[in-house]
Structures are given as C-alpha cells and as structure tokens.
Amino acid sequence: LPYTTLFRSVPRLNAGQIEAVDRFLAGGGGLLIFAGERAASQKAFYNTELYRNARGWLPAQLGEIAAFKDGMQPEPSTFRHPALELFRAAPDGSMNQVRFSKWWKVLLDPKDRATTIAMHSNGDPFLLERPYKQGRVILCTVPPDRRWDSTLPSAWEYPILMHELVSYL
C-alpha cells in the first residue's frame with residue numbers, strides 16, 4: 001500500500017478531506033503537492049486552511065505567481081536533498097535546460113520549519129520540504145505537466161525525478 005499522496009493543483013479540499021490528510025501525515029505518510037494554475041483562484045484557501053500560519057501542512061505560504069518570458073530553470077547545483085542527489089551529481093543532465101514560464105513565489109518565515117531543497121536559477125524555491133507530525137510534505141512551485149509552458153515533462157530525468165520524490169516520501 002503506497003504511503004504517499006500527490007496533489008496536483010487541487011483547487012479546494014473540504015474539511016473532511018483536510019482532516020483525512022492530516023491523519024495520514026500524523027501516521028507517517030508523505031505528501032507531494034504541485035501548486036499550479038488551479039491553486040491561483042484559491043490562494044486564500046491554501047494559505048488560510050492548509051498553511052494556517054505555519055501550523056498546517058502546506059510548507060510555505062503561497063505568494064504571487066511570477067513570470068519570465070524566456071522561462072526560468074531549476075538550478076541543479078542547489079539540489080541539496082537525498083531525493084535529488086542524482087540530479088546534482090549528473091554533469092550531463094538536462095535539468096538546467098528545463099524551462100517554466102511561470103512559478104509560484106512563496107513566503108517563508110522562520111517558524112515555517114520548511115527547507116528549500118531545490119531552487120530556480122534566480123534563487124526562488126523550486127521544491128520545499130516540511131516535516132508535519134510524523135510525516136513529510138514536499139511542495140513543488142510549478143505544476144508537473146506542460147501547463148505554464150513547462151518543458152519538465154520532456155526532460156529524460158522527469159520520470160526519475162518523480163520516482164525519487166515519491167520514494168523518499
């Protein structure tokens with residue numbers, strides 16, 4: 001039975017679903033959240049109900065959606081996490097050629113207990129991790145598909161990245 005749950009740009013959860021995720025994490029589960037365009041219309045919900053002033057399981061507060069016409073890329077040299085070691089150490093990798101035209105800026109506070117585990121080349125967080133109760137949560141500031149003109153799904157490392165993140169969680 002898998003112990004990892006993935007949220008892919010879910011606009012809202014009801015109170016029962018939020019509680020179920022909370023129990024899942026309390027039992028040692030892992031959660032991988034991809035923030036995308038559907039979260040944009042519900043940013044207040046994410047920040048109020050899931051982040052809850054650093055008491056919820058969302059690793060960081062969602063800020064604004066940033067955009068760059070030439071695309072922002074992840075910076076593999078900043079991948080300082082066991083699940084990302086393969087990408088940081090691969091000199092012939094293509095992760096630094098991946099482009100996102102948009103990404104979420106997040107607001108980090110020292111009380112968040114969130115750690116940036118990978119950054120974009122401009123220093124904005126790409127992936128963040130936060131322990132929550134007995135579980136772990138990773139937030140990706142871009143969607144995992146081709147929305148926002150992402151080239152991530154075309155990179156040969158994409159399935160490996162997803163596998164490594166889910167296996168870690």
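# Exercises on a predicted structure

At 29% relative accessibility, arginine 147 counts as partly exposed. The model used in these exercises is predicted.

## Exercise 1: A salt bridge of arginine 147

Task: Find which side chain meets that of arginine 147 in a salt bridge at 2.9 Å, and describe where the two residues lie.

Solution:
- Step 1. The side chain of arginine 147 meets that of glutamate 37, with an N to O distance of 2.9 Å.
- Step 2. Glutamate 37 is in helix α2, residues 37–40, while arginine 147 is in the loop between β8 and α5. The pair is 110 residues apart and links distant parts of the chain.
- Step 3. Buried means under 20% relative accessible area and exposed means over 50%, with partly exposed in between. Glutamate 37 has 38% relative accessibility, so glutamate 37 counts as partly exposed.
- Step 4. Glu37 and Arg147 also belong to a network of salt bridges that includes Asp145.

## Exercise 2: Two further salt bridges

Task: State how many salt bridges the structure holds, then describe the ones formed by lysine 69 and lysine 105.

Solution:
- Step 1. The count for the structure is seven salt bridges. Side chains of opposite charge can pair when their charged atoms come close.
- Step 2. The side chain of lysine 69 meets that of aspartate 70, at 3.8 Å from N to O. Lysine 69 and aspartate 70 are both exposed.
- Step 3. Lysine 105 forms its salt bridge with aspartate 124, and the closest N and O atoms are 2.6 Å apart. Lysine 105 belongs to strand β5 (residues 100–107) and aspartate 124 to the loop between β6 (115–120) and β7 (125–132), so the pair ties together parts 19 residues apart in sequence.
- Step 4. Lysine 105, at 34% relative accessibility, is partly exposed. Aspartate 124 has a relative accessible area of 12% and is buried.

## Exercise 3: Glutamine 73

Task: Decide whether glutamine 73 is buried or exposed, and list the residues that glutamine 73 touches.

Solution:
- Step 1. Glutamine 73 sits in the loop between β3 (61–72) and β4 (74–75).
- Step 2. The relative accessibility of glutamine 73 is 18%. The cut-off for buried is under 20%, so glutamine 73 counts as buried.
- Step 3. Leaving out residues up to four places away in sequence, glutamine 73 touches Asn96, Val98, Arg99, His120 and Ser121.
- Step 4. With arginine 99, glutamine 73 makes a polar contact between side chains, at 3.4 Å.

## Exercise 4: Helix α5

Task: Name the buried residues of α5 and say what they pack against.

Solution:
- Step 1. Tyr158, Leu161, Met162 and Leu165 are the buried residues of α5.
- Step 2. Viewed down the axis of α5, these buried residues fall within an arc of 95 degrees, so they line one face of the helix.
- Step 3. The elements that the buried residues of α5 pack against are β2 (30–34), α4, β7 and β8.

## Exercise 5: Helix α3 and the residues after it

Task: Describe the buried residues of α3, then give the phi values of arginine 52, asparagine 53 and alanine 54.

Solution:
- Step 1. Phe45, Tyr46, Asn47, Leu50 and Tyr51 are buried in α3. The cover over the buried residues of α3 includes α1 (15–26), α2 and β3.
- Step 2. Arginine 52 follows α3 and has a positive phi, near 50 degrees.
- Step 3. Asparagine 53 is in the loop between α3 (43–51) and β3, and has a positive phi near 50 degrees.
- Step 4. Alanine 54 is also in the loop between α3 and β3. Phi of alanine 54 is positive, near 75 degrees, in a residue other than glycine.
- Step 5. With 9% relative accessibility, alanine 54 counts as buried.

## Exercise 6: Proline 144 and leucine 86

Task: Work out whether proline 144 is buried or exposed, and which residues form a nonpolar patch on the surface with Leu86.

Solution:
- Step 1. Proline 144 is in the loop between β8 (135–140) and α5 (158–168). The relative accessible area of proline 144 is 9%, so proline 144 is buried.
- Step 2. Proline 144 and glycine 36 are 108 residues apart in sequence but 8.5 Å apart in space, C-alpha to C-alpha.
- Step 3. Leucine 86 is in helix α4, residues 85–89, and counts as partly exposed at 48% relative accessibility.
- Step 4. Leu86 forms the nonpolar surface patch with Trp156 and Ile160, and together they have about 310 Å² of accessible area.

Conventions:
Residues are numbered from 1 along each chain as its sequence is written. This is a predicted model: local features need pLDDT of at least 70, side-chain atom pairs count only at pLDDT 80 or more; totals for chains, interfaces and linings use all residues. Side-chain values use heavy atoms; hydrogens and water are left out. Helices (H or I, at least four residues) and strands (E, at least two) are DSSP runs, numbered from the N terminus. Buried means under 20% relative accessible area, exposed over 50%, partly exposed in between (1.4 Å probe, protein chains only). A polar contact is a pair of N or O atoms within 3.5 Å; within protein, one must be able to donate a hydrogen and the other to accept it, and residues adjacent in sequence count only if both atoms are side-chain atoms. Contact means heavy atoms within 4.5 Å. Patches are made of residues with over 30% relative accessible area and no salt bridge: like charges are joined within 9 Å, nonpolar side chains (Val, Leu, Ile, Met, Phe, Trp, Tyr) within 5 Å. Accessible areas come from the Shrake-Rupley method with a 1.4 Å probe; for residues, only the protein chains shown count as cover. A salt bridge is a side-chain nitrogen of Lys or Arg within 4 Å of a carboxyl oxygen of Asp or Glu. The arc is that of the directions from the helix axis to the C-beta atoms.
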